[in-house]
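Dear colleague,

I am handing over the structure we discussed, with notes on what was found in it. Please read them with the coordinates open beside you.

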Amino acid sequence: MIAGMIISASRRTDIPAFYAEWFIKRIQAGACEVPHPFNPRQVLRVSLAPEDVDVIVFWTRDPRPLFPHLAGLEARGYRYYFQYTLLNYPRPLEMRSPLKTRLQAFHELAERIGPERVIWRYDPLVFTEITPPDFHLETYQRLARALRGATRRSVISLLTPYDKIKKRMQALADQGAALLPYSPQDDWFGGLLGGLASAARANGMQITSCASELPLEQYGIQPGKCVDDEYIQEVFGLEVSHTKDPGQRKACGCVISKDIGVYDTCLFGCPYCYATSSFERARANHARHDPNRPALLHWEETG
């Protein structure tokens, strides 16, 4: 059993949005099981006892299902913060609730736990005919103003175009959503990145990059860590492992953590998502999910 870890909940799926009941039941049970992502018959038991968990990092587009449980997590002694993705992409790039609703949820979360524990992810930047550079600058500026005071940090990333993503996006070409090529040498590139950095600073936010293979410091954007030992020390006064997570990409600066999610279980259906290979499989897996079982999805249930 793994103990004394940072828990990632989760890079692989949106646990707060779709699996909050399961997560809270696992907290109450004191442990969960995690199938290996490439060999689901191999299952690891992970302690979720408060004394064994350093920090929980939630990754979400919709934290509201967890709202009734946040005070209980605090009372049990859990430390946690949120990586909150808030974009405003048009369809078919996002299937989402109204922006007003999502902004309200962001502000409510910040009011409940403090703005220093809610990190805004404008992530990833996807360049298409319907989301050209000007779209991103205008949207980011508008969202940064709307989130002023509700967060202290913004994270951006440039889309990593995995083959499955390129194929899905190309299928949306007739809707203007095929990926556009870009280069740091493009005339607009520096202006866009510099504009994002200026908008973040103007609204009281530090801006960092996520797993960028390009040097963005010249635009005012420092390399970041989403699972961040220095941030955890600053916010919680807790010393955690400084070891880079070997399971992440080379450009990722995150320290080691244990992810308790399962791929192909998110229902948001974003075509640029790296964690979902098949939206049909994700829907089927969600339908098979049993919140009373120790793993979010067991190997015999995977399609």
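Which residues does Phe23 touch, not counting those up to four places away in sequence? Please bear in mind throughout that this is a predicted model. With that exclusion, Phe23 touches Ile15, Ile56, Phe58, Leu66, Leu73 and Ile260. Phe23 also belongs to the largest nonpolar core, a set of 78 residues in which Phe23, Ile56, Trp120, Tyr122 and Tyr140 are those with the most contacts inside it. In soluble globular proteins, nonpolar side chains tend to be buried together.

Tyr140, named above for its contacts in the largest core, is also one of the residues through which α5 meets α7. The axes of helix α5 (residues 133-146) and helix α7 (residues 189-202) come within 9 Å and cross at roughly 5 degrees; since angles under 35 degrees count as roughly parallel, α5 and α7 are therefore roughly parallel to each other. On the α5 side the meeting residues are Pro133, His136, Leu137, Tyr140, Gln141 and Ala144, and on the α7 side they are Leu192, Gly195, Leu196, Ala199 and Ala200. Sorted by type, the residues of this contact comprise 8 nonpolar, 3 polar and no charged.

Asp259, which lies in strand β10 (residues 258-259), has a relative accessible area of 7% and is buried, because the cut-off for burial is under 20%. Its side chain makes polar contacts with two serine side chains, that of Ser8 at 2.9 Å and that of Ser10 at 2.5 Å. Once its neighbours within four places in sequence are left aside, Asp259 is in contact with Ser8, Ser10, Arg11, Arg12 and Val34.

Arg117, in the loop between α4 (99-113) and β6 (118-125), is likewise buried, with a relative accessible area of 10%. A polar atom of the Arg117 side chain lies 3.0 Å from the backbone oxygen of Tyr80, and the residues in contact with Arg117, again leaving aside neighbours within four places in sequence, are Glu74, Tyr80, Tyr81, Phe82, Tyr231, Val235 and Phe236.

Arg45, found in strand β3 (residues 39-47), counts as partly exposed at 40% relative accessibility. Between Arg45 and Gln248 there are 21 Å in space, C-alpha to C-alpha, and the two are 203 residues apart in sequence.

With best wishes

Terms used:
Residues numbered from 1 in each chain as written. Predicted model: local features only at pLDDT ≥ 70, side-chain atom pairs only at ≥ 80, totals over all residues. Heavy atoms only, no water. Axes fitted to C-alpha atoms, helices over the stretch in contact; angles between N-to-C directions. Helix = DSSP H or I, 4+ residues; strand = E, 2+ residues; numbered from the N terminus. Parallel < 35°, antiparallel > 145°, perpendicular 65-115°, else oblique. Contact = heavy atoms within 4.5 Å. Nonpolar A, V, L, I, M, F, W, Y, C, P; charged D, E, K, R; others polar. Core = buried A, V, L, I, M, F, W, Y, C linked by side-chain atoms within 4.5 Å. Buried < 20%, exposed > 50% of the residue type's maximum accessible area, 1.4 Å probe, protein only. Polar contact = N/O pair within 3.5 Å; in protein donor to acceptor, adjacent residues only side chain to side chain.
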